[in-house]
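Here is a short briefing on one structure. Read it with the model open beside you.

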Amino acid sequence: SDNCTDQANLTYEVARVDADGNLGTRGSDITFDCDDVGNREVALVVIDDAGNEAVCTTVIQVQVGSCPDTDCGNINVAPTLNVTGTITKSTGDAVNGVEILVNGQSAGEFNGSMGMLIDGDAQTGMVNAVIEALKEDAIDNGVTTIDLVRIRRAILQLETFDDYQNIAADVNNDEKVSTRDMIDIRRAILKQIDQFDNVPSWRFVPASHGFGATTWATPVPFNYEIETSDSDMDASFVAVKMGDVTGDADVNAGRAAGTFTIEVADAAIEQGSEVTVSLTSAQLSEVLGYQFTLGYDANNVELVSIDGAVEDYNFNLDRASEGVIAVSKVTEEVQGDELFNVTFRALTNTSISEVLTVNNEIAVSEAYDNASSRLDVELNFTDNSGDYALYQNAPNPFADRTTIGYRMAEAGQATITV
């Protein structure tokens, strides 16, 4: 139990820590001698009145000192390298939960910055080590269809990437940005893969690396190879989330810039009949791309086919029998307002609006306007039984322009009063 012991009544103990992380004899102090010269790991234990304990460890450096009665003989003290540094994205934002490895062994997990002591060789006076960083993460974190839009523009030389964006885009690790990278990134967005074949989810470039005329003009290192007699060193890393060329790992946080409205004509469906549902949007020519999960009640309808201005690779149909399919599409240069068509077979008497939804079950539902701002995606069912209809404007809210859709019984002049 925790009886909230006053700080003045807490008990403190210290102990040595062996190579396996076990605590030695605990007491109020530790005595070090000549055999302990160098770096030693110690633990501080705090105990309350109820016997609850908290333990933290640190590394101290035992030195010979200058006391006249100290005589450790001709002891060879191993050199110690004090390594510090930051772990940030190229924007300067701190990256948390990063494990630092020294010669393949974990030196701990760090948040935005790090610090450690590395022992060298007492005979040579040199410190030799390899320092690398590792962060486990879902590959689709921060990776969306807007990244595909930007990569496509870079391939077509409509946009120029900086060095870190090039590294982020090169998910197949062939030192170039190509449509092969787009294929793997789209598969990650659609959750058809849970890891890239040739790169981890995050890569870490030494901040000291100087890029040449192009990103891969010289080999890009992803660790520090150290051979030094210095006592201090900066080992900062620049973190790169693979596939995320926009650098927005929290892309879904915050308010959307507006709404991308998908329109579907509602209709009744009789059991045993087939119906083709057209998904359209008056905004389609105004967005750079979209992604969403289309849900349908698998107890009432079953998927027959998908067609229209799409390709098979735009979809993940692995869970079609469960009533969810994911889509990711770059829409630059698309003409018209049709997204695609879906044909269903009715298993019961139902209606389109009762069985169809847009959700985030597989791909997060969002679209991107011409400024690359994120838009929410909503499904709007229209009633074709009447002759006239006025639809919700989109985007909403808007700055200088919005689209207002309407339907008339026949073509002619229309007046909208605001």
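Asp 174 is partly exposed, at 24% relative accessibility; that class lies between buried (under 20% relative accessible area) and exposed (over 50%), using a 1.4 Å probe and protein chains only. Its partner in a salt bridge is Arg 180, with the closest N and O atoms 4.0 Å apart. Arg 180 is exposed, with a relative accessible area of 53%.

This is a predicted model: local features need pLDDT of at least 70, side-chain atom pairs count only at pLDDT 80 or more, and totals for chains, interfaces and linings use all residues. Residues are numbered from 1 along each chain as its sequence is written, and side-chain values use heavy atoms, with hydrogens and water left out.

**Salt bridges**

- A salt bridge here is a side-chain nitrogen of Lys or Arg within 4 Å of a carboxyl oxygen of Asp or Glu. By this rule the count is eleven salt bridges.
- Arg 26 and Glu 13 meet through their side chains in a salt bridge of 2.8 Å, N to O. The pair links distant parts of the chain, 13 residues apart: Glu 13 sits in strand 1 (11–16), and Arg 26 in the loop between strand 1 and strand 2 (38–47).
- Arg 26 is partly exposed, with a relative accessible area of 33%.
- Glu 53 also forms a salt bridge with Arg 26, the closest N and O atoms being 2.8 Å apart. Glu 53 lies in strand 3 (residues 53–62) and Arg 26 in the loop between strand 1 and strand 2, so this pair ties together parts 27 residues apart in sequence.
- Glu 53 is partly exposed, with a relative accessible area of 46%.

- Helices (H or I, at least four residues) and strands (E, at least two) are DSSP runs, numbered from the N terminus. Two strands pair if DSSP finds at least two bridges between them.
- An open sheet of three strands has the order 1-2-3, with antiparallel pairing. Strand 1 and strand 3 are the edge strands, each pairing on one side only.
- Neighbouring strands of this sheet are turned by 25° against each other on average, direction ignored.
- Strand 2 and strand 3 pair in the antiparallel sense over ten bridges. Val 46 stands opposite Ala 54 in strand 3.

**Helix 3 and its surroundings**

- How do helix 1 (residues 145–155) and helix 3 (residues 179–189) cross? Their axes come within 10 Å and cross at roughly 175°. Axes are lines fitted to C-alpha atoms, for helices over the stretch in contact, and angles run from 0 to 180 degrees between N-to-C directions.
- The two helices are therefore roughly antiparallel to each other, a label for angles over 145 degrees.
- The contact (heavy atoms within 4.5 Å) involves residues including Leu 148 and Ile 151 of helix 1, and Met 182 and Ile 185 of helix 3.
- Buried residues of helix 3 include Asp 181, Asp 184, Arg 186 and Ala 188. What covers the buried residues of helix 3 includes helix 1, helix 2 (163–169), strand 16 (287–296) and strand 19 (324–330).
- Just after helix 3, Lys 191 takes a positive phi of about 60°.

Conventions: Angles under 35 degrees count as roughly parallel, over 145 as roughly antiparallel, 65 to 115 as roughly perpendicular and the rest as oblique.
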